[in-house]
Amino acid sequence: MAIGLGTRRRRAVSLDQGAATDATRCPACGEPLFVWVETLGYGAREDQVIDRCENCGLAVARDAVPSADHAIDALLFGREEDGTRVAIRADNAASLQAWLGAENWAELRPGGRDVHPTPKAAGLLLARRGLELRRIRHLIRPGMAAMWQTLLNLLTFHRDFASEAVSGRLRPGTGRGLAAFWIDAVVTVLAAIPTAIIAVVLETGAVLARRGGVIEIQADRLPSTD
């Protein structure tokens, strides 16, 4: 009877074999998408299922999976260009904070980007537009802010409580109830400084390990072959 590593390898299945026959495909690499997390909504915020590609790591809402062209447009939105060089800022779905936060990851907020790339996914998408990935920078300051909000989200009933309350989108009589609102208010005040300190430590380590939450993608336009 055969046992051991060789046997386990023979039992491995491909992503296609493990996916449903009607699985939606990743706009970056074409592999099937699998469910990653489910975010619970409240009030005007709806529940969402977030899918992720197990090949390139790209994450996207299941009910809004874009085509490859639309995914590239979303990635390039707000880009800076200098001659043939393009710079893009994006959240990193392969980051430490995405792993820690899961459904509470701050970058999953409504109104944010529709596509949450990884460096690998970004390179694949950019290549479709004749752009060659040159460099990935992990931006520590915006990454710390996202890590801080992610940590707070782990402690509160409502995600992004402070910004939602200040904007007026969340009120004591809405969301998950009056008690949850005021508990979140107290927790946010008491935990703001301790979580900020922890966020600095965690995100600094994440950046050093190349797993920062916010990345700057630099790419060059390849010469046209026309």
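Modeller: Helices here are DSSP runs of at least four residues, numbered from the N terminus. This is a predicted model. Helix H8 covers residues 178–208, and Val186 is found there.

Now the rings. The whole structure holds three aromatic pairs. One of them joins Trp36 and Trp105: the ring centres are 6.3 Å apart and the planes stand at 65 degrees, so this pair is edge-to-face. For that label, the planes must be over 60 degrees apart. Trp36 sits in strand E1, while Trp105 sits in the loop between helix H4 (96–101) and E6, so the pair ties together parts 69 residues apart in sequence. Trp36 is buried, at 18% relative accessible area. Trp105 is buried too, at 1%.

Next come Phe161 and Phe181. Their ring centres lie 5.1 Å apart with planes at 65 degrees, so this pair is edge-to-face. Phe161 belongs to helix H7 (residues 161–167) and Phe181 to helix H8, 20 residues apart. Both Phe161 and Phe181 are buried. With Trp182, they form one aromatic cluster.

E1 belongs to an open sheet of four strands, ordered E1-E2-E3-E6, with antiparallel pairing. E1 (33–39) and E6 (115–116) are the edge strands; each has a single partner, so one side of each has no neighbour in the sheet. E6 is joined to E3 (residues 59–61) by two bridges. In one, Ala59 partners His116 of E6.

Last, the surface. Val186 is partly exposed, at 47% relative accessible area. Val186, Val189 and Leu190 make a nonpolar surface patch of about 320 Å².

Conventions. Residues numbered from 1 in each chain as written. Predicted model: local features only at pLDDT ≥ 70, side-chain atom pairs only at ≥ 80, totals over all residues. Heavy atoms only, no water. Patch = residues over 30% accessible without salt bridge, like charges linked within 9 Å, V, L, I, M, F, W, Y side chains within 5 Å. Areas by Shrake-Rupley, 256 points an atom, 1.4 Å probe, with all protein chains shown as cover. Salt bridge = Lys/Arg side-chain N within 4 Å of Asp/Glu carboxyl O. Buried < 20%, exposed > 50% of the residue type's maximum accessible area, 1.4 Å probe, protein only. Pairing = 2+ DSSP bridges. Phe/Tyr/Trp six-rings, centres within 6.5 Å; stacked < 30°, edge-to-face > 60°.
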